[in-house]
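I opened this notebook to keep track of what I looked up, one topic at a time. The entries follow the order in which I went through the model.

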Amino acid sequence: MNETQARLIVLQAGRGFGKSMLIYDWMGNQKAERDLVWVPLDATITSPQLFWDLVLTVADFADTDTDTAAGTDTDAGTDTPAAEERQPGWQRAYGHLRRSTRPITVVIDGGERLALAGVGEEVARILRLVPDLRLVVASRNPGIVETLDPDHYLDAAVITEEALAFTLDDVRAAAAARRLSLTDERVHSLFDETAGWPHAVGLVLREIEAGGTARATGIRVQNSLRSALRAASGTQPRHVFMTVAALGRGDEARALAVGVPAEQWKSATASLEQAGFGWWSSTENGHFRVVPIVQRAARAELEATHPGDLKAIDGRMSRHLSDSKDHAGAFLAALDAEEWDLAERILIRNYALIVAAFMEGQPVMPRRRFSARKNLFLAVFAGVEQYSHGRHFAAARYFATVIALAEAQRFTDHGRTSAERVLAQGFLLIGARLSGLYAVVPRALDRFLALLARADDPHHDLSFLEEIIGVQTATTALYLGDTQAARSLLAGSVRWKDDGEINSTTFHWLSLRALVEVADGDHAAARATLRHLWSVPAPERLLNSFYAVPAHTAEAILAIERGDLDAAGVELDATRAHWATMEHWPITLAVRVRLTWKQHGAAAALGLLDDDMRQKKHRPNISPFLTATLTALRMDLLLADLRNAEAEALAQAEQGSRYAPLAAAILRVHLVQGRSAEALSGARKLHHGGDVGHSDAIGVLLLAASASLRLGEESTASDYFQAALRISRRTAQIDPFAFMVRDDFLRLSAAEADEEANAAWLSTVAETVASQPAYVTLEHPRVGLTRRERIVLSHLAGDRTLAEIAAELNVSVNTVRNQTASIYRKLGVTRREDAVPAARRARML
């Protein structure tokens, strides 16, 4: 309410949304600027005279001289109250409002009664005639704006139940206010079952305060609501009343489809609204919504009193909704009716639409007893739906059910590679990944792809899952570090069509493809994919969903690449809502840490990495490749923070890693510690090994260039640098050059490029690097050598033998050998060839 300057503000929501409390709090902030008049309407206000008498009473106008009002009538022209016959109350209120020395806000609580009192037009007229007047109306019914401002003369602001409903943070705050410590899972569950309805949240929290298990609390809440529903039904036929409540949402057409006459529907919805159990939707004309927790209580009451009727009602509703093209609603109704064949037909024919419809809603499968029929395709849907809500353990359990059902089916297939068998292997793969069982994931992926290639699927049972299979197998390949395989799997799974609004599966596919391309180092391809993704109209639910996380992460990487750190922060902020549940968290974390490194330095980035890793310590294991990637990032940060000893210890512990990011980081430790020959040898092996992505390939080539410089091989260093430039030009990557030793970059970039295209690109790279600070330095922390050790070190730099040094200093060879060993230890090296460069970097020579 503080964000609008509109003179007419309407709070439009059902009972129990806290409209009055919100207005009361808002008024407390307005008292210094405006006079406030609160007008509470109730059932006694049935005429204009009674309404204006109430206004005058609460505004303390009753004893005021009416001559003033009469005196102003002649100034208002033909559009004033004096120009027409007016009620006395209207004239007096109008006069006092006009001569008020301070602006006034009139609050009408119970605005749905304005039409009954017949004063809507009079209130609208006075609002137009008094420029400083603001009107705030709290109403349960839609249409109040049309009543007060039919000509749209005023700039009205309407706040609906969607804005007034509790968010997850509001639910947490309400629990904290009662000193209740609820888990995130319990908060999400409470939010889902109440649809954010504040009254229901308060009811459940009061029962939780009473103590007992979650199940006992749920039973108490349901019993309380069942009693309240019976009381609210009054003299109406209870069966009909409970049927309307059990529908959850609908209009007269839905009521007629299940046998409820229009008049009884109107009577039941009026009673439900009066009790605060539902409200008229502000977005769906003529639709009444019942709070989910109340709907469940009504279903429990019907099941207890008329068990057979409830399934019949659900069956009729499923067919009605199917005819109305509401495939998601038809699917749920078929599940409730336990008509499994019907549910399966609806699901297979309209899979993408049904998944999209449930993306923002609460999970629907757990409360439906589909397992009684042991239907494989419904178990598939349950797993996918849980996954889409970030409930990965629950998804893994459903996928285990799919595996068991499909394996049972396999025995009747006589060795044939049936659709069920392929599904079993596919969901074994996803279930293992979600559970963190990466020891079996690579073999499971290979086996799944082999089975998919030879599937015997005459009825095309797999076709409706083709896109999801492609996205999930590509996700698995990405987590395993095989970006080439991930790109190949994505390329073959979706046939993109520019045929209007994008669906959820295609959106997820494009979003993931951009991230895979960035991970593969092909930034040019990723930019093209993202342009395509954002150019196609997409529903708001997709733009805010977890499906958008890969795209936002990719955009952040590209923004960091071009030096736009603020834009990168905005993109990463868009992923925060999904941080608790996202499966991509290691990739997003790595980007956040790299951004913090650039903005605030290595120490701050290390702190962020440590804090966020602690938050995730109870999550399922991540893949060895992603673990290696985060370890490599830690190693680089330690070097940048001049904590070389810690970096050295970490490198020793991870020695021999087969993952390119970590192997490259270990080589950087060798370089910083002065082991240039070892760093160069390792870089050559890694580069020629062939299993290195574009980004890592550039970093390895630059590492080889720096090592070659330190070994005096300037021509070789230039060759490596030019090779890195060619890959960078092709993939549009620049950032690896910013993390090269700055002196090495300046030295090599000053040389003439080996081809014209490289020369033009080098100019772009040099400009970008120059705009950023040096992130990596080869400076060591100061090393404390004794006076005699410094003398020995100077002789070592002169290529003299130990015997020659001993003779010069007039000491034994063993003494020089011991002093040399001490120098090596303090410099963090193991041999003479590395000691002298390390000492030079530490400015000791």
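**Entry 1: strand 1.** I began with strand 1 (residues 8–12), which is mostly covered, since 5 of its 5 residues are buried; here strands (E, at least two residues) and helices (H or I, at least four) are DSSP runs, numbered from the N terminus, and buried means under 20% relative accessible area, exposed over 50% and partly exposed in between, with a 1.4 Å probe and protein chains only.

**Entry 2: what I am reading.** I note that this is a predicted model, in which local features need pLDDT of at least 70 and side-chain atom pairs count only at pLDDT 80 or more, while totals for chains, interfaces and linings use all residues. Residues are numbered from 1 along each chain as its sequence is written, and side-chain values use heavy atoms, with hydrogens and water left out.

**Entry 3: partners of strand 1.** I looked up the pairing next, where two strands pair if DSSP finds at least two bridges between them. Strand 1 runs parallel to strand 4 (residues 133–139) and is joined to it by 5 bridges; in strand 4, Ala 138 stands opposite Leu 11 and Val 137 stands opposite Val 10. Strand 1 also pairs with strand 5 (residues 156–160), again in the parallel sense and over 5 bridges, and there Val 158 is the bridge partner of Val 10.

**Entry 4: strand 4.** Is strand 4 enclosed or open to the outside? I found that 7 of the 7 residues of strand 4 are buried, so it is largely enclosed by the rest of the structure. Leu 133, Leu 135, Val 137 and Ser 139 are buried on one side, and Arg 134, Val 136 and Ala 138 are buried on the other. Strand 3 (residues 104–109) runs parallel to strand 4 with 6 bridges between them, and Val 107 stands opposite Val 136.

Entry 5: I then turned to 3 strands that form an open sheet in the order 6-8-7, with antiparallel pairing. Strand 6 (249–250) and strand 7 (278–280) stand at the edges, each with a single partner strand, so one side of each has no neighbour in the sheet. Strand 6 and strand 8 (residues 288–290) are paired over 2 bridges, and Arg 249 has Arg 289 as its bridge partner in strand 8.

**Entry 6: nonpolar cores.** A nonpolar core is a set of buried Ala, Val, Leu, Ile, Met, Phe, Trp, Tyr and Cys residues joined through side-chain atoms within 4.5 Å. Which members of the largest core touch the most other members? Of its 89 residues, I noted Val 593, Trp 597, Met 635 and Leu 637, and the largest share of this core, 11 residues, comes from helix 34 (residues 624–640). Apart from it lies another core of 69 residues, including Met 27, Val 107, Leu 190 and Leu 205.

I also listed the contacts of Val 593 (contact means heavy atoms within 4.5 Å): leaving aside neighbours within four places in sequence, Val 593 touches Ala 605, Leu 608, Leu 609, Leu 633 and Leu 637.

Entry 7: Ser 706 lies in helix 38 (residues 694–710) and counts as buried at 2% relative accessibility. Not counting residues up to four places away in sequence, Ser 706 is in contact with Leu 671, Met 740, Val 741 and Asp 744.

Ala 432 is found in helix 23 (residues 419–434) and is buried, with a relative accessible area of 5%. Beyond four places in sequence, Ala 432 touches Leu 437, Val 440 and Val 441.

**Entry 8: confidence.** The chain averages 78, and 81% of the residues score at least 70, whereas over residues 62–87 the pLDDT is below 50.

Conventions
pLDDT is the predictor's confidence in each residue, from 0 to 100.
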